[in-house]
Amino acid sequence: MEQKSIFSVISPIMAGPSSSHTAGAVRLGLMARNIYRDNFSKVKFILYNSFATTGFGHGTDKGLLAGVLGYSVDDVSIKNIFDIVRDVKYSYEYRQDISRHPNSVDIILDDKMTISGDSVGAGEIRINNINGFSANIDGSYHTLLLMYKDKPGMISKVSDIIQKQKVNIASLHCDRSSKGGTASMYVALDIPIGDDIAEEVKKIKDVFFVTNIRKLKQ
Amino acid sequence: MTVLSFSDLNERCCRENKSVYQIALEEEALLQETAGEVIRLKVLENLLAMKDSIKHGLKSTEKSISGWCGDDCEKLRNGYKKRGALFGSVFEKITTYALAVTEENLRMGRIVACPTAGSCGIVPAVIIAAAEENKIPETIQINGLLTAGLIGLIISNKVQLAGAVAGCQAECGVASAMAASALAEMLGGSVKQILNASALALKNILGLTCDPVCGLVEVPCIKRNAFLAIHAVTAVELALCGVESKIPIDEVVDTLKITGQLMSPLLKETSQGGLAKTKTALGLEKLLFKNVN
């Protein structure tokens, strides 16, 4: 059995009212922000199932927006976020889709990146899709994400660069659209690597997108 | 955590002549690879956040997001001012504080999930009201919260603490058992008395369903926090007088889990049954969601 902490039952300190529908929503937003890592002027949220039907009364809409704007789960100004936000256009859509998790959202930034994730309970989250590629990011590891043209040798090139930094790889996940098509790689790391290392990875031939994702607090 | 059951915990406490909070501290320090003092500081941070949530909740009468709730704590304060609580000042503070925290949660204020956000009023109300009324110092309050943490953790090893899994037994019920253990520790109870207090609290909420109106953590959740905070005190009073739970706490937890499995999904946080399907609830639902759907 996995060892658990007493702080799993006497935490987190959070803005209410729901760990799954509020704190989880903030963390999904924060994770999307960490993945996108760029200024954005427009964000759209598509809320599914329970997020769509009871999200309003739980402040899920406010939590998601506050998250992408970088607010932490215990920030009480989340409830006033609609009055605070400037320079970012935001919109919401509500859908029912039984193939999705009960608490699920798509976060679309600047029409460029779609990040899908679920709030899986007690404030824990999981990002499971980025721009159509399957993912498995729960915010507990620093993660290097790259997209590239599928071809042999990519994993070793990337791990070579990371190994030179003496950083241990905790887990590795790859996916591709088709053989020789677009592929994605998630490298979970025990300690964060610098953005300069991410830049180095980006210089590998046929890599067209790299983001250096920081883990979430707690 | 090497302490996986309450019999493990009891055995270890007896063998090493330690209280529950000492084991909690040792195990947590081991898990986080840090010193016990660091863990105590982290517990203190949570305790202080709980005190803040009471302070803010007592001041505010702002309504919840849905607009239905948020002023019951004020009613209690005003009512008690006029006539006092029938069962004295501890009762008065516990009920008021429980509502203060839960209402603060509903208006998106800062609270400590303990174990969940929906049950966040119970542990703080009991620990802090009892500490104020009995002049119990902060270090002992930390011991209480550590005790509550380990009790909740051991229960959560067997059953997931979510209304969707086992009904409100697993949220407000477990919070009440945690609060009982904390108070028993703070009042100098023995390990046996602490475990009996938790068992008695838990045993007497078995079967409690989760049927929130409109799926919101408002009705019946807010007031239930006040009821189950008092429930914890009843368990402690009995346990400190030597009353024992005839069914040991491990078996009570197993029963809670099985009862949760037997409970219809309609009564487990789906808002498809119970209070959520009453005429009044359906009326409120129409009103609240007219703009959404």
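Because the model is predicted, local features need pLDDT of at least 70 and side-chain atom pairs count only at pLDDT 80 or more, while totals for chains, interfaces and linings use all residues, and side-chain values use heavy atoms, with hydrogens and water left out.

**The interface**

Start by displaying both chains and selecting the residues in contact, meaning those with heavy atoms within 4.5 Å: 31 residues of chain A touch 44 residues of chain B. Together the two chains bury about 3300 Å², 64% of it on carbon and sulfur atoms, where buried area is the accessible area (1.4 Å probe) that two parts lose on being put together, summed over both. Now pick A:I6, A:V9 and A:I10, the residues of chain A that lose the most area to chain B, together 20% of what that side buries.

Next, select A:K79 and B:E62, which form a salt bridge whose closest N and O atoms are 3.2 Å apart. The count between the two chains is two salt bridges, each being a side-chain nitrogen of Lys or Arg within 4 Å of a carboxyl oxygen of Asp or Glu.

On the side of chain A that touches chain B, β1 (13-15), α1 (19-36) and α2 (49-58) each supply at least two residues, and α2(A) gives the largest share, six residues. By class, this side holds 14 nonpolar, 13 polar and four charged residues, with Ala, Val, Leu, Ile, Met, Phe, Trp, Tyr, Cys and Pro counted as nonpolar, Asp, Glu, Lys and Arg as charged, and the others, Gly among them, as polar.

Stay with β1(A), which pairs in the antiparallel sense with β1 of chain B (residues 110-112) over three bridges; strands pair if DSSP finds at least two bridges between them. Select A:A15 and B:R110 to see one pair of bridge partners.

**The sheet of chain A**

Move to the open, mixed sheet of six strands, in the order β3-β2-β4-β5-β6-β7. Its edge strands are β3 (89-95) and β7 (133-137), each pairing on one side only. Within the sheet, select β4 (residues 103-109) and β5 (residues 113-121), an antiparallel pair joined over six bridges, and then A:D106, which stands opposite A:S116 in β5(A).

**Backbone spots**

Most residues other than glycine have a negative phi, and most peptide bonds are trans. Select A:G16 and A:P17, joined by a cis peptide bond with omega about 5°; A:P17 lies in the loop between β1 and α1 of chain A. In chain B, the bond from B:V219 to B:P220 is also cis, with omega near 5°, and B:P220 sits in the loop between α10 (191-203) and α11 (221-240). Finish at A:R37, which has a positive phi of about 50° although it is not a glycine, in the loop between α1 and β2 of chain A.

Definitions and conventions. Residues numbered from 1 in each chain as written. Chains lettered and ligands numbered in written order. Helix = DSSP H or I, 4+ residues; strand = E, 2+ residues; numbered from the N terminus.
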